[in-house]
Amino acid sequence: MKKNLWALLDDRMGSVGQAKGILQAIGEKMSVTEKKLVYTKWAKLPNFLRGKSLLGVNQKESDDLSSPYPDIILSTSRRTLPVARLIKKLSNNQCKIIQLMHPGNCGINDIDLVILPAHDAKKSNGNNFFTVTGCPHRVNSQVLNIAKEHWLPMFNHLPKPYISVIVGGAIKGREFSIENATLLGKKIRNLHEKIGGSVLITTSRRTGSIAQNAIMEEIKNIPMHSFLWGDKKENPYMGYLACADKIIITGDSVSMCSEACGTGRPVLIFEGKNWLSSKHLRFVESLYNGKFAISFDDDDVLSFVPQQTLNTASTIAKKILEI
């Protein structure tokens, strides 16, 4: 008989995307129900005040959480944990809680398994932690094949190989400087001079207009397809990943780098100067150590071929199915 799993999903797209990647990997091996949570202003309270409760949850707009309760709860953020703990209590502790990311120490003993990225492993302090490289995502061969079939005809007029460039930007307390943006643009141009082809480039809200303009100025004479922040057209992000011969990506986003490493293409990570935090640097180092990616500054950047594909969602799904 299949076990039942409730996935508690909130309004944080990053955590929701990770959860959906795991659910996709679980497939039909469990009976999965997504439970959407809508919050009130009280959700900002720390978890030691919210405890095991629905405090901070708009119960009218959220999905029903009444019994029968599931065998497993997938809690996807700090804010979903008080709800997961309440459900476990109401089930007479029959539910098991799987928590994505470290939610803080409050209620940690109620959690049966914490999924923790290896670059955060220093936070693990018990037997209920399971570390993984990067974060779960929804990139797999099926998703890539669908995206490639849709987008490749739109790029066919451009010379190959395709160099896909995924640009993030500012992180907490650290701007994406014009110096780093210019450096990235120059490195893209230098790579193009060596291998030819075209650039498929997208930027994000965190890039900023000044940095974005600096990058585009450096690569303005290269054949390209672009989707810049604010463009009002279909987002080709998955198409860029699917059609890429090489992927250049900034090291500021765990989710974007993990998705890029899920394609099986050569991934070149731009670290910049005095930009990435120690946590980000530990993360990209874990990708280098696993041979999923290479630093854009490495001497072997032209010849690099990944030795494996990053499929963190599948790794986590297997662990959950063992519980």
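**Pockets, a cavity and aromatic contacts**

The lining of the second largest pocket is made up of seven nonpolar, six polar and two charged residues, where Ala, Val, Leu, Ile, Met, Phe, Trp, Tyr, Cys and Pro count as nonpolar, Asp, Glu, Lys and Arg as charged, and the others, Gly among them, as polar. The model is a predicted one, in which local features need pLDDT of at least 70 and side-chain atom pairs count only at pLDDT 80 or more, whereas totals for chains, interfaces and linings use all residues. Residues are numbered from 1 along each chain as its sequence is written, and side-chain values use heavy atoms, with hydrogens and water left out.

On a 1 Å grid over the protein atoms alone, a pocket is an open set of points with protein on both sides within 12 Å along at least five of seven lines, a cavity is a set where a 1.4 Å probe fits but cannot get out, and lining residues have an atom within 4 Å of a point. Grid points are joined across faces, edges and corners, and a volume is the space filled by probe spheres set on the points.

The second largest pocket has a volume of about 280 Å³, and among its 15 lining residues Thr203, Ser204, Arg205, Trp229 and Asn235 are the closest to its centre. The largest pocket holds about 1300 Å³ of space and is lined by 35 residues, with Gly14, Ser15, Gln18, Ser253 and Ser255 nearest its centre; this lining divides into 13 nonpolar, twelve polar and ten charged residues. Helix 1 (13-26) is among the helices that each supply at least two residues of this lining, and helix 1 gives the most, with six residues, helices being DSSP runs (H or I, at least four residues) numbered from the N terminus.

Gln18 also lines the largest cavity, together with Leu100, Met101, Ile115, Pro117, Val132, Gly134, Cys135 and Pro136, and the volume of this cavity is about 30 Å³.

Rings of Phe, Tyr and Trp (its six-membered ring) pair if their centres lie within 6.5 Å, with planes under 30 degrees apart counted as stacked, over 60 as edge-to-face and the rest as tilted; by this rule there are six aromatic pairs. Trp151 and Phe155 form a stacked pair, 6.0 Å centre to centre and with 15° between the planes, and both are buried, that is, under 20% relative accessible area with a 1.4 Å probe and protein chains only (exposed is over 50%, partly exposed in between). Trp151, Phe155, Tyr162 and Tyr240 form one aromatic cluster.
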